[in-house]
Amino acid sequence: MYAINYPLPITIMKWLKKIPLAWHQLMKEKTRLLVAIAGIGFADMLIFIQLGFNDSLYDSATQTQSLLQADLVMINRQFESLSTLQSFSRERLYQTLAYNGVSSVSSIYIGRGEWKNPATRIDRTILIWGIEPNAPSFAVPEIQQNAKRLQLLNTALFDRASRPEYGAIAETVEKQGSVEVQLNRQNIRTIGLFRIGASFAADGNAIVSDSTFLKLLPERKSNQIEIGLIQLKPGTNSESVKAQLTANLPNDVRVMTPKEFAEVEKYYWESQGAIGFIFGLGVVVGIIVGIVIVYQILYTDVANHLPEYATLKAMGYSDRYLLGVLIQESLILAILGYIPGFLISLGLYQIAAAAILMPIGMKVERAIFVLAITFIMCSLSGAIAMQKLRSADPADVF
């Protein structure tokens with residue numbers, strides 16, 4: 001019978017045999033081990049926080065666009081962000097009805113107004129969305145259920161996830177059913193709530209009907225809209241219709257999917273550079289901190305046990321084997337340090353979400369990414385500490 005070699009399983013078994021030795025080396029100094037775990041956990045926590053805030057800011061900037069209830073969206077060709085609003089003629093939206101596959105269209109106005117806090121009487125800028133009450137607007141159940149109630153002039157829906165500086169609007173509406181406030185120095189009645197959240201563009205949101213919107217902002221022209229929503233007939237290929245509209249409509253507008261619309265907003269903030277750089281720098285700092293801490297632990301371990309390593313070499317153990325033990329130690333530290341860093345980050349995410357009222361939470365891909373970074377971080381530390389291990393000379397034993 002011929003023996004069959006399986007290089008990968010054999011290599012894995014050799015590595016597994018080294019785990020007891022690596023674990024034994026780490027457990028000799030429990031205090032130092034705890035310090036290492038705390039250091040790696042801190043580095044992981046720092047990376048988690050930086051990535052979490054980075055994703056949260058981009059998610060908050062694009063969440064409104066991703067909630068639009070439409071198959072296709074029309075915007076001004078020069079549109080960059082909700083913070084720099086650009087309108088276009090409603091006529092362009094109506095022209096899409098001539099194309100096969102288009103079922104219906106609706107429009108949304110966007111503007112800024114001054115919301116007066118009922119308690120403090122302090123004005124604060126709020127983003128106003130003017131929708132057609134009888135047409136699709138946002139894929140948010142609370143908005144869909146209350147949209148028709150907006151047909152009554154001077155009524156509004158308030159975003160319960162807005163900043164607290166607007167007043168205790170959500171609490172009052174939940175208790176009394178409605179509350180009267182001043183928006184652009186006009187009395188309006190808040191008759192319902194919804195949840196979208198604050199973003200780069202504004203600290204809060206209010207939704208009114210198109211008629212109320214034009215009353216609140218009399219300088220606006222009724223035929224100038226910010227967003228056009230296009231509904232397609234069932235079974236229609238949205239990409240095909242988008243290509244037709246792009247090819248035939250005047251180039252003063254753009255047609256895209258809601259997802260692509262959100263990407264436009266995200267690209268605008270990414271192109272500003274400062275946000276990505278700041279949080280990216282925080283991630284780099286976290287990695288450097290982790291490398292330094294793990295390196296110090298491994299280097300000290302090797303230095304303190306250099307005679308033992310030299311003895312093992314004298315017994316016939318190769319440098320490769322001992323270096324494998326060192327890598328094992330670094331990977332064990334990576335796992336032990338990652339766990340508390342992950343758990344603490346979960347708690348900090350909840351605290352931050354409650355404080356800044358923006359979407360921040362753990363994502364599977366982020367957890368996997370940070371785990372991979374931790375393995376790399378600790379492996380680099382082990383690779384650097386290897387230089388000390390190579391100096392272990394069997395002659396030192398005698």
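## Confidence in the model

pLDDT is the predictor's confidence in each residue, on a scale from 0 to 100. What you are looking at is a predicted model, so a word on that confidence comes first. The protein chain has a mean pLDDT of 83, and 85% of its residues reach 70 or more.

Two stretches call for some care. Where pLDDT is low, the predicted coordinates should not be read in detail.

## Inside the protein

The largest nonpolar core is made of 35 residues, and W115, I126, I230 and L245 have the most contacts inside it. Strand β3, covering residues 102-116, gives the most to this core, with four residues.

Beyond its neighbours within four places in sequence, I230 is in contact with A70, D71, L72, L93, T96, V102, S104, V105, L245 and V255. One of these partners, L245, is also among the core residues with the most contacts. Apart from this core lies another, of 28 residues, including L82, L127, A147 and L229.

## A nonpolar patch on the surface

Now for the outside. F277, I278, L281 and V285 make a nonpolar surface patch of about 400 Å². To find F277, look in helix α9, which covers residues 274-304. Is F277 buried or exposed? F277 is exposed, because its relative accessible area is 58% and the cut-off for exposed is over 50%.

Definitions and conventions:
Residues are numbered from 1 along each chain as its sequence is written. This is a predicted model: local features need pLDDT of at least 70, side-chain atom pairs count only at pLDDT 80 or more; totals for chains, interfaces and linings use all residues. Side-chain values use heavy atoms; hydrogens and water are left out. Patches are made of residues with over 30% relative accessible area and no salt bridge: like charges are joined within 9 Å, nonpolar side chains (Val, Leu, Ile, Met, Phe, Trp, Tyr) within 5 Å. Accessible areas come from the Shrake-Rupley method with a 1.4 Å probe; for residues, only the protein chains shown count as cover. A salt bridge is a side-chain nitrogen of Lys or Arg within 4 Å of a carboxyl oxygen of Asp or Glu. Helices (H or I, at least four residues) and strands (E, at least two) are DSSP runs, numbered from the N terminus. Buried means under 20% relative accessible area, exposed over 50%, partly exposed in between (1.4 Å probe, protein chains only). A nonpolar core is a set of buried Ala, Val, Leu, Ile, Met, Phe, Trp, Tyr and Cys residues joined through side-chain atoms within 4.5 Å. Contact means heavy atoms within 4.5 Å.
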